[in-house]
Structure formats: C-alpha cells, structure tokens
Amino acid sequence: MDIDVIKINCREATNLIQLMRPDLAKVMQCYDMDNFFFYKASYPFGSPIINSGKCYLPLSNGGSIEFNDPRLPDDIAKDLSYDPLNEEPLAIILNKNSEFYIPTAEAIMPHAIIHPGEMYGIPKAIDTDADTSLIWNLNAGVRSLFTLTKVTSQPRHDELHKTYGIKHGIPLSSLDQWKIFVEIAKGANSAWRSEILYFPRKLINFLKTPEFVQLSDILQKIRRESYNIWHNSAVIWDAAFNNIEVEKKLTYYSSYALSTARQQYLIAANSAPGLRPATNEDSAPIKLFQEAYGKVYGLNDEKQSTIIMEATNLLPDSRIPVYYSLNFPMLAKCNPNTFKGKSLITLLTNIEHIIRVFQENIPLNRPRIKSLYNTSNSTSFSFYHCNSDPQTYKNILNSETLAREDERFTKNHTEAFAAYSHFFKGCIKIQHI
C-alpha cells in the first residue's frame, strides 16, 4: 500500500505556507518546532478528502484510506490520527480549489469553495467544544461541474467507456456528470492534483496551551477572515427581507421564489457559490474533460458547445459575473414543488420582481444594515431565458444575448453557443457594478 503523502519537516512546511499565508508562517518561525513533522498529500481529481464525517488520505493507485485505518504506517498514524468525537485534522490548501457540500436525496447542496491558502479544522484545533466542519463533504476539485450541452447519447457514451474505462452509465442529471469526470481523469491518468498540508496532532494539542497562544491567535484570525453573512448578519438580513416581503405584499409569491431571490443576495455577498464557465484548471482538469466530450464523445462533430460550468465565488473586487440557474438549484431549502406557477419563465419573472422590490426598498428603508445596503447597491441582477420574447417578458432577456455579453460561453467566439441548454431556461446573472 503506497500512500501519496510526503513527510516534511517544519522548515519545509513553513516555506510552503509562506507563499500563501506569510502571517501564519511568520508566527510559526517564532517557535522551535524542529521535532514536528507535517504531511503533504496529493489528491487526484474527485478523490474523497472528507466524506460522511470521515477524513481520507490518497493512495498512489488512485484509491483512498481513512486517517484512522490500522494499516497506516506508524509515523503517519501517530501524527494524523484523531478522535472523531472531539478532534479533526487541521489542514491548509496548497493548490487548486475544492467545494464543501452536503449530498441530498435528489441533488447536492453546495456550501463554499475553498481556495489555496485557506484552512479547515481550525475550530476544533483551538476549541474542543466548537462545531465540527466534518458535516460537509469535500472532494479534490469542485463537485458542481457539468457540461452545458446535454450528453445522454448511449452510443457516444460507449465511446467514453472504450477510451477511459467508464463504468457509470449515462448521467441521469447534469450533477451526475461529476462521476463521469472522475472516471475520465482516472482513466486518462490525469496529472491534476490538489495538494493539502496537514499539521501533526502533537502540534494541534499544544495549541490549547499558554506557550502556543500566538499560534492559536493567528489561527483564530484566519478563521474570522472566513466569516461571511451566515456568521455575522444572517438574522439581520432575514429580518430585513421579511419586513420588505410583508410591507410590499411579496408573500403572495411562493416560498421557493422568495428563497431563490434571497439566495442571489448571498451569492452577491460572497456567502454562497454561483456558477461560471470554466476557463482554467484551478478546479478540475477542464481541458481533459473538454477533449473527452469534444473528440471522443463527439460534440465537435456536431459543432456543439464543450463549455463546462463550475461552482465558484463572486469575488468582492471583480467585475466578472457568476450565474444561477433555476434548473440547477443551490438552495439550503430546495423544494420547487412549493412554486405556484406553471413554468420556469413564470418563476423567473416572479424572482425578477422580488429582487427589483428588494433593490428599491433596501436603500430607502434600511441603510443602517451596511452589509446588505452595500451588497444591494453594488450588484446588478440580469435575467435570461432561451424562449424569452421581450414583448411578452420585458424584463427577461433572451439567453442568446449572453453569447455577446460573456465570451467565456463561446471560448472567445471559437465555439458554438449552447443557446438552448437547460442551464439557460431560467438563468440569473449576478455581477458587481
């Protein structure tokens, strides 16, 4: 059993951390930690990192092994094993993006994207009574990943099977495509890796002692930096939305429409993920997947789009938009059956009206809620549907306009635009202005 983990000393670990978290590296350099060893793990795309409350290390053959597996070498077991009831690993992401999520009966619920330089396991490391982060699943790379073009042809899927050894059948939904992507990466021996640096248990235990208070303090600071609306202002935001909904008689609309409208504000505030056309390898081996579906599956033969959508954050200082699709709900409370309308374009029209009322009333009546006020004032929301007629739905744009507005959907006009993708049958663009 060959574990894809490298044991490094504290100096080497600090040098790696210095590249992304110089504040943490500076504090670590204040301590004599020559006797501590860290572990750099390299995960292939899709490999489990956290799954159903258990943590995993990667194997060189593409498999995984639990942190507490008795087959682990003694030194790794001593440094990385943990008590599932009171402890969890402490880690920093060295490269690539991954996605925290919870699987549900019919879909997945994205929680957050974790980027290089960000950490998990801090709460339990400095406070045994803190809530665990192991309630979320985490794989190497993003989980919310799918093609814009429908890929349900059995003969074409058979070509993927021949080339990459795909075992799963045709994906029943777009989010099921992730399983196919994982198999493509494995079958192609993709070099894509997400690297994570783990802190030794001995050091984690010392964080609760007075001698290591500086290190504990900087970790607490890093933890606070990750706070978002859920941590700071969720109750206040909910109260503001509730008041507007009652005052402006928005409660006429379904709870699903109201929840979806609120979700757009969370995305705008960088407190929930949106979606974007993937243009780099930060979250997955995108070029490999586009080649597999373009050449092997045959999308290129039909001149169809090979664009892949991925979960991402709307960064505070960026003018680059992200998107939300009614066909790919990313809500904590997701029950489309509560919608009182008859079509997605009707639902989209309802959401457009709700958000417009929010934007009109938040600045007028509630400027003291600074975070909500700033989010509302600095964000534009645009609404699209592939069957929209501007004479019938004056505030809903036809999705074909996105081919001109956002060149990522056409690879800078070198590829066909997937105008009739399910993704565009009720699509919202969220963008800072």
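Trainee: Which residue just after H5 takes a positive phi?

Mentor: Gly165 does, with a phi of about 70°. This is a predicted model, where local features need pLDDT of at least 70, side-chain atom pairs count only at pLDDT 80 or more, and totals for chains, interfaces and linings use all residues. Residues are numbered from 1 along each chain as its sequence is written, and side-chain values use heavy atoms, leaving out hydrogens and water. Helices (H or I, at least four residues) and strands (E, at least two) are DSSP runs, numbered from the N terminus.

Trainee: Which residues of H5 are buried, and which are exposed on the other side?

Mentor: Buried means under 20% relative accessible area, exposed over 50%, and partly exposed in between (1.4 Å probe, protein chains only). In H5, residues 154-164, the buried ones are His157, Leu160 and Tyr164. They line one face of the helix, because they fall within an arc of 45° seen down its axis; the arc is that of the directions from the helix axis to the C-beta atoms. Pro155 and Lys162 are exposed on the other side of H5.

Trainee: How do H5 and H6 pack?

Mentor: Two packed helices are described by the angle between their axes and the distance between the axes. Axes are lines fitted to C-alpha atoms, for helices over the stretch in contact, and angles run from 0 to 180 degrees between N-to-C directions. For H5 and H6 the angle is about 35° and the axes are 9 Å apart. The contact (heavy atoms within 4.5 Å) joins His157, Leu160 and Tyr164 of H5 to Ile180, Glu183, Ile184 and Gly187 of H6.
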